[in-house]
Amino acid sequence: MKRSEINRAIKTAEEALDKIQFKLPSFSKWTPQEWKEKRERTGRIRKVMLGWDVTDFGSDDFAHVGAVLFTIRNGYLYDPDIGVPYCEKVIVFDSSEKQVIPLHFHNNKTEDIINRGNGIMEIELYNSTADGKVDYETPVKIFMDGMEYETEAGKIVEIMPGNSISLTPGIYHRFGAKKGAGNLVAGEVSKINDDNLDNVFAEEQKRFSEIEEDEEILYPLCNECGK
């Protein structure tokens, strides 16, 4: 991805968040210089990778495959004294081209994906096989807002504002904004998140994008803070 594309995506996400009055922590607006000046006090923030996360998952097609994420709080799986024992994220999707996060599951993380507003969330679900492949046949059992449901493999489930879906390890999911319904603000509340090791993609993907520096950084990403 180009840095200009990342900066533009963050600005669009800020507009969507402002529209529903969802406020981010103050460090969301720190410049690279401010991160450097505060480096000695921000070790925990950097360790658990809080902050902006803009990715196209290596697709080179951010308009269709990607999202703007912001990790608000998180812990560290390998040291319980670092951070908190849970994670919270906000995720913004551009609905003009039906932007999605690609098909994947988690080995460890149980998560609630919540429609925080400003659009309609669409999610596609599959079970995984014993060897980690996509099971395109068997129905998927899930909970939505505490109620149990069963859905056909691959059927699009719509999540309206205020509603949510709970996903356990091993459930493949692809989700994003319904085209034309508004730039979706989704939330994620989960167990500790480890984006380096806990994502299993159905196809070869890169969790973090390689960046072409074609303009100045607006805000550093979560894997750049303090560098």
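**A residue and a strand**

Mentor: Start with T55, which lies in strand β1 (residues 51-55). Strands here are DSSP runs of E, at least two residues, and helices runs of H or I, at least four, numbered from the N terminus. The model is predicted, so local features need pLDDT of at least 70 and side-chain atom pairs 80 or more, while totals for chains, interfaces and linings use all residues. Residues are numbered from 1 along each chain as its sequence is written, and side-chain values use heavy atoms, leaving out hydrogens and water.

Trainee: Does T55 count as buried or exposed?

Mentor: Buried means under 20% relative accessible area, exposed over 50%, partly exposed in between (1.4 Å probe, protein chains only). T55 counts as buried because its relative accessibility is 0%. A polar atom of its side chain lies 2.9 Å from the backbone nitrogen of F57.

Trainee: How many residues of strand β4 are buried?

Mentor: In β4 (residues 100-106), seven of the seven residues are buried.

Trainee: And which strands does β4 pair with?

Mentor: Two strands pair if DSSP finds at least two bridges between them. β4 pairs with β12 (residues 172-177) in the antiparallel sense, over three bridges. There, V100 has G176 as its bridge partner. β4 also pairs with β14 (residues 199-201), again antiparallel over three bridges, and H106 is bridged to N199.

Note on methods:
Polar contact = N/O pair within 3.5 Å; in protein donor to acceptor, adjacent residues only side chain to side chain.
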